Amino acid sequence: MLWLHQLYAVDEAVIYEAAKRYYAEIMMPFRNMIQRNLEKLRGLRIDVIAPSHGPMYHKPSFILEAYGDWVFSAPRNLVVLPYVSMHGSTKAIVNYFVSALVERGVKVQQFNLSRMDIGKLSMALVDAATAVLGAPTVLGGPHPNILYAAHLLSALRPKVMFASVIGSYGWGTTVTQQIAQMLSPLKVEFLEPVVVKGYPREDALRALDRLASEISERHKKHGLT
Ligand SMILES: Cc1cc2nc3c(=O)[nH]c(=O)nc-3n(C[C@H](O)[C@H](O)[C@H](O)COP(=O)(O)O)c2cc1C
């Protein structure tokens, strides 16, 4: 027997989270198509939405408004920062950079890719204006988890407008070139990366300050909130 609460989207907080994950992981690349279909629904009186799978919506405005926000709204004043750190140098860079952004009024969501639910990263990408990848160098290029994050960004095609790279290397690296190349389908503005040898020193911290200021200024210029 099916109970009412199993048929309908009753617990909106739970449903919102699940619906946003579904949108982020699967539907985000098809944002334009969703926009066109939402336009078609404008002006119709809709009593119930009964999708072919998932719960029915007896209050359709809830899910229609959520999708409207995801596909039409400008991105938020938010930096998404996936990173990996094997020995702590990139982590020190990330820690300083997060504080520098927060001091400038920019929100940040950081994700340690060595232990995380990748769906959470996708969900943050629904809202973010900027993505910065925190990449240590492994075998000449970005750590494999960062390669995966860069692939995900490029495949999901979020509303991100700006991107950059921060991280640490030992003796020689192509992280910036590889990540810029992987993100090229996104048509984002690529901001000056901060990739430093070993542990970050004073000059690296100043460069991180500059990158945080660049991001903050661009978000303000676009009126992002
Ligand atoms: C498995 C492995 C491979 C590495 N390969 C490179 C490399 O090809 N080029 C390089 O410059 N550094 C290389 N390094 C050094 C790291 O990039 C360097 O120690 C960096 O500071 C690590 O950052 P982390 O402390 O955030 O992990 C390698 C380190 C490890 C553990």
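1. A polar contact is a pair of N or O atoms within 3.5 Å. The model is predicted.

2. A ligand oxygen lies 2.6 Å from a polar backbone atom of Gly140, and a ligand oxygen is 2.8 Å from a polar backbone atom of Ser89. The ligand taken alone exposes 640 Å², and 79% of that is buried by the protein.

3. Which residues are closest to the ligand? They are Ser85, Met86, Gly140, Ser168 and Trp171, out of 16 residues that surround the ligand. Sorted by class, this shell holds 10 polar and six nonpolar residues, with no charged ones.

4. The shell can also be traced to secondary structure. At least two of its residues come from each of α5 (89-103), β4 (137-138) and β6 (162-169).

5. The protein chain is divided into domain 1, residues 4-72, and domain 2, residues 76-221. Their C-alpha centres are 31 Å apart. Domain 1 brings 12 residues to the contact and domain 2 brings 14.

6. How much area is buried between domain 1 and domain 2? The figure is about 1,200 Å², and carbon and sulfur atoms give 53% of it. On the domain 1 side, Arg21, Met28 and Pro29 lose the most area to domain 2; together they make up 39% of what that side buries.

How values were computed:
Residues are numbered from 1 along each chain as its sequence is written. This is a predicted model: local features need pLDDT of at least 70, side-chain atom pairs count only at pLDDT 80 or more; totals for chains, interfaces and linings use all residues. Side-chain values use heavy atoms; hydrogens and water are left out. A residue is near a molecule or strand if one of its heavy atoms lies within 4 Å of it. A polar contact is a pair of N or O atoms within 3.5 Å; within protein, one must be able to donate a hydrogen and the other to accept it, and residues adjacent in sequence count only if both atoms are side-chain atoms. Accessible areas come from the Shrake-Rupley method with a 1.4 Å probe; for residues, only the protein chains shown count as cover. Helices (H or I, at least four residues) and strands (E, at least two) are DSSP runs, numbered from the N terminus. Ala, Val, Leu, Ile, Met, Phe, Trp, Tyr, Cys and Pro count as nonpolar, Asp, Glu, Lys and Arg as charged, and the others, Gly among them, as polar. Domain bounds come from an automatic or database domain assignment. Contact means heavy atoms within 4.5 Å. Buried area is the accessible area (1.4 Å probe) that two parts lose on being put together, summed over both.
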